[in-house]
Amino acid sequence: MTSTSTPPGLARFNDLEEHAALAVLHEACASTAWARRLLAARPYATPEALYSASDAAMAELGEADLAQAMAGHPPIGRPEPGDPTSAREQSGMAGAADGLKAEMLELNLAYQERFGHVFLICATGRTGEEMRDAVKERIGNPPEREREIVRTELGRINRIRLARIVEED
């Protein structure tokens, strides 16, 4: 089932019992439909095959499934306490000045009021200022356009999180 070229983390993921693999996938993305699609395609020969399956599953999510995926993400600037993943991904806001944090809170609330969900962006490697500028730019989008941007951002986040699974020793 696994060859010598399969990274150890991917080989372990391929070999997990279904319930354990589902739990691992739910840590990457809160959408049950997305996770089930990835489970159904195991085993994966390469990390790229896993990432491609993730992209395809994300593209197929309906509105309710997309909402479920978004619900698994805390607002930018307020990572879940005790969640090292969200803290790491949002580290660009950790050292931000109090004024920027307050501005981001206001923008998050305005965005959520406009679109009905948290502002979602692949925050990995972005500064607090970049995230603030992104929410300012995107808050004026039509809802349909914003929904597709969110889908793309979720796909990026999922790839980063899946890469961590694949690269685990």
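A cavity, as I use the word, is a set of grid points where a 1.4 Å probe fits but cannot get out. Keep that in mind. This is a predicted model.

Searching the whole structure turns up 1 cavity of 30 Å³ or more. How many residues line the largest cavity? There are 15. Nearest its centre lie His-73, Ile-76, Glu-89, Gln-90 and Ile-121. Two elements, α6 and α10, each give two or more residues to this lining. By class, the cavity lining has 9 nonpolar residues, 4 polar and 2 charged.

Next, the open space. The largest pocket comes in at about 280 Å³. It has 13 lining residues. Val-24, Glu-27, Arg-161, Ile-165 and Glu-168 sit nearest the centre of the pocket. The elements giving two or more residues here are α1 (8-15), α2 (18-28), α6 (84-89) and α10.

Last, helix α9, residues 128-138. Which of its residues are buried? Gly-128, Met-131, Arg-132, Ala-134, Val-135 and Arg-138. Why do they share one side of α9? Because they cover an arc of only 160° around the axis. And what do these buried residues pack against? Three helices: α7 (91-94), α8 (98-115) and α10 (143-167).

Definitions and conventions:
Residues numbered from 1 in each chain as written. Predicted model: local features only at pLDDT ≥ 70, side-chain atom pairs only at ≥ 80, totals over all residues. Heavy atoms only, no water. Buried < 20%, exposed > 50% of the residue type's maximum accessible area, 1.4 Å probe, protein only. Helix = DSSP H or I, 4+ residues; strand = E, 2+ residues; numbered from the N terminus. Arc of directions from axis to C-beta. Contact = heavy atoms within 4.5 Å. 1 Å grid on protein atoms, 1.4 Å probe; cavity = no way out; pocket = protein on both sides within 12 Å on 5 of 7 lines; lining within 4 Å. Points joined across faces, edges and corners; volume = space filled by probe spheres on them. Nonpolar A, V, L, I, M, F, W, Y, C, P; charged D, E, K, R; others polar.
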